Amino acid sequence: MNPHWRALAGVVGDLLRLRRGPQDVPHSPALLLLALIPYALLGCALAAFAMPPSRALLYGPTEAALMALLVYLSLAVRRRPARFVQTLTALTLVGVVFNALSLPLTALAQPENGLGLLILVLVAWSFAVSVHILRLALDIPVPGSVLVNLGFFFAAYFGLGYLFGLLS
């Protein structure tokens, strides 16, 4: 494995274990784009379980754009816009991991097999990682980061839910 990819995998692993933060992610618009593409594609694949494929193809990129907007606005409010590329890259890299883990579980989940509980554990872990990343990027305490992440969640849930017809 290329040493650069190995180093990046180490950073992602440390992000997932809450050992590093967005400041440890390379400031690279190219890496951000490389992370956004699989993030959006996995978002499409997960959305396909809840909507027709034609709408699911738009869901992933729209969700990624909404996340980028929310990160940008949060950093702008805290007067830290220079942290945007690293913060969004960190969130999308860990999002790729969580979405890739969720995809087969979602495909195989049945009420009787208990995989729904494992999906819930992944969601909780993902939330904790996002709280950690945004806490460091925004330079706020954990309770504030929890509130920001809850705001992100509700903005995505209601915004994307209404936009894509998942909520009536």
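Q: Why is Asp 139 called partly exposed?
A: Its relative accessible area is 48%. Buried means under 20%, exposed means over 50%, and partly exposed is in between (1.4 Å probe, protein chains only), so Asp 139 at 48% is partly exposed. A heads-up: this is a predicted model, where local features need pLDDT of at least 70, side-chain atom pairs count only at pLDDT 80 or more, and totals for chains, interfaces and linings use all residues. Residues are numbered from 1 along each chain as its sequence is written, and side-chain values use heavy atoms, with hydrogens and water left out.

Q: What makes Asp 139 and Arg 80 a salt bridge?
A: The rule asks for a side-chain nitrogen of Lys or Arg within 4 Å of a carboxyl oxygen of Asp or Glu. Here the closest N and O atoms are 3.4 Å apart, so the pair passes. The two residues sit 59 residues apart: Asp 139 is in the loop between helix H5 (115-138) and H6, while Arg 80 is in the loop between helix H3 (53-77) and helix H4 (84-108).

Q: What joins Asp 14, Arg 17 and Arg 20 into one network?
A: Salt bridges that share partners do it. Arg 17 pairs with Asp 14 at 2.5 Å between the closest N and O atoms, and Arg 20 meets Asp 14 at 2.9 Å, N to O.

Q: Is Asp 14 buried or exposed?
A: Asp 14 has a relative accessible area of 12%, so it's buried.

Q: How do you know that the protein chain is as compact as a globular protein of its length?
A: First, the fold: the protein chain has 6 helices and 0 strands. (Helices are DSSP runs of H or I, at least four residues; strands are runs of E, at least two; both are numbered from the N terminus.) The radius of gyration, taken over C-alpha atoms, is set against the globule rule of 2.2 Å times the number of residues to the power 0.38. The chain's value is 16 Å, close to the 15 Å the rule gives for 168 residues, so the chain is as compact as a globular protein of that length.

Q: How do you know that the predictor is confident about this chain?
A: Look at pLDDT, the predictor's confidence in each residue, from 0 to 100. The protein chain averages 95, and 99% of the residues score at least 70.
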